[in-house]
Amino acid sequence: MIDLHSHTNESDGTTPPAELVQEALAAGLEALGVTDHDTLAGYDQAAPVAAEAGLDIVCGVELSTKLHGKSVHLLGYFVNQPPSDEFRGWLHAMQESRRDRNRRMIERLRSLGLDITLEEVQAVGRSLAGRPHFARILVQKGYVQNTQQAFDEYLDASAKGYVDRMEPAFAEAVERIVDGGGIPSVAHPVRLGRNHAEKTIGEMVEMGLKAVEVYHSDHSPADTAAFLAIADRYGLAVTGGSDFHGDAKPRIRLGTGHDGNLNVPLTVLQNLRAAA
Ligand code: AMP
Ligand code: FE
Ligand code: FE
Ligand code: ZN
């Protein structure tokens, strides 16, 4: 069993990178992919710990992109070579635009009468503070009861505290990952909509997509079978993982997913390396 989709506390997970390696070993994983949102900081810290412990670790990243006006998550896997310096530089530019968005969102929330500071958000968000960290502070301070309410009232795109941030076009993100030495894989494709997924993935293939996340905690057995068939039809490689976020999503477990609905075979990684 392997898990190619996990988050550390360098993005919106709660587990420090070194602890994630220990959890992977305890879960009996044969390989672990670290795929933080927009940052390689979690992987960079986990890699030496994994090497020391003899765990096969895969460098990955999960990018938020825009396609037809909608947000689509794209995974990038660097299975046979490290990401190029140019790719890392591009990621840093995106992190800067996120920090700029965060500053503007603090202004907006403060203008709505909330006592919240950038320092508070960055203290929980580390290298990559995002809206889930804003939500955590709003809950801590008693402005809302829970994360969902924080999004509904303040942070969702339709809510009063929201400010926009630049997200790369899907095609650009695909190209950046390929040029950087990686394999782009569309994350949790069930979110594309069960009726549109096949057509949309066809368009993505035209843009250079190389893989699809067939196995995911949000996928039913029927979804998994459907995406396996789509991968086959378009000649795409297959990826899979739990989307582990630690205590931020407590029902999802490393390796085994949502109430044990996941078991990604080692052959997935072997095939991915062969495809690279
Ligand atoms: P950001 O990248 O900072 O814009 O934050 C995006 C993250 O916020 C997503 O990856 C989700 O984990 C979370 N998120 C976005 N919208 C919602 C929502 N309506 N309810 C709960 N969580 C959300
Ligand atoms: Fe996340
Ligand atoms: Fe995602
Ligand atoms: Zn994820």
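The legends below describe close-up views of metal sites in a predicted model.

**View 1. The zinc ion (ligand 4) and its protein donors.** The zinc ion (ligand 4) is held by H5 and H7 through their NE2 atoms, by E62 through OE and by D243 through OD, at distances of 2.0 to 2.2 Å. The angles among these four donor atoms run from 80 to 175°, and the site is classed as irregular. Along the chain, the donors of the zinc ion (ligand 4) follow the spacing H-x1-H-x54-E-x180-D. Because H7 sits in the loop between strand 1 (2-3) and helix 1 (17-26) while E62 belongs to strand 3 (residues 56-67), this pair ties together parts that are 55 residues apart in sequence. Both H7 and E62 are buried.

**View 2. The iron ion (ligand 2) and its protein donors.** H37 lies in the loop between strand 2 (31-34) and helix 2 (41-53), and H245 in the loop between strand 7 (237-241) and strand 8 (252-253), so the two residues tie together parts that are 208 residues apart in sequence. Both H37 and H245 are buried.

**View 3. Distances between the metal ions.** The iron ion (ligand 2) is 4.6 Å from the zinc ion (ligand 4), and 5.5 Å separate the iron ion (ligand 2) from the iron ion (ligand 3).

Conventions:
Residues are numbered from 1 along each chain as its sequence is written. Chains are lettered from A and ligands numbered from 1 in the order in which they are written. This is a predicted model: local features need pLDDT of at least 70, side-chain atom pairs count only at pLDDT 80 or more; totals for chains, interfaces and linings use all residues. Side-chain values use heavy atoms; hydrogens and water are left out. Donors are N, O and S atoms within 2.8 Å of the metal (3.2 Å for Na, K and Ca); water is not among the atoms, so sites may look incomplete. Four donors count as tetrahedral if all angles lie between 85 and 135 degrees; four count as square planar and six as octahedral if opposite donors are over 155 degrees apart and all others between 65 and 115; anything else is irregular. Helices (H or I, at least four residues) and strands (E, at least two) are DSSP runs, numbered from the N terminus. Buried means under 20% relative accessible area, exposed over 50%, partly exposed in between (1.4 Å probe, protein chains only).
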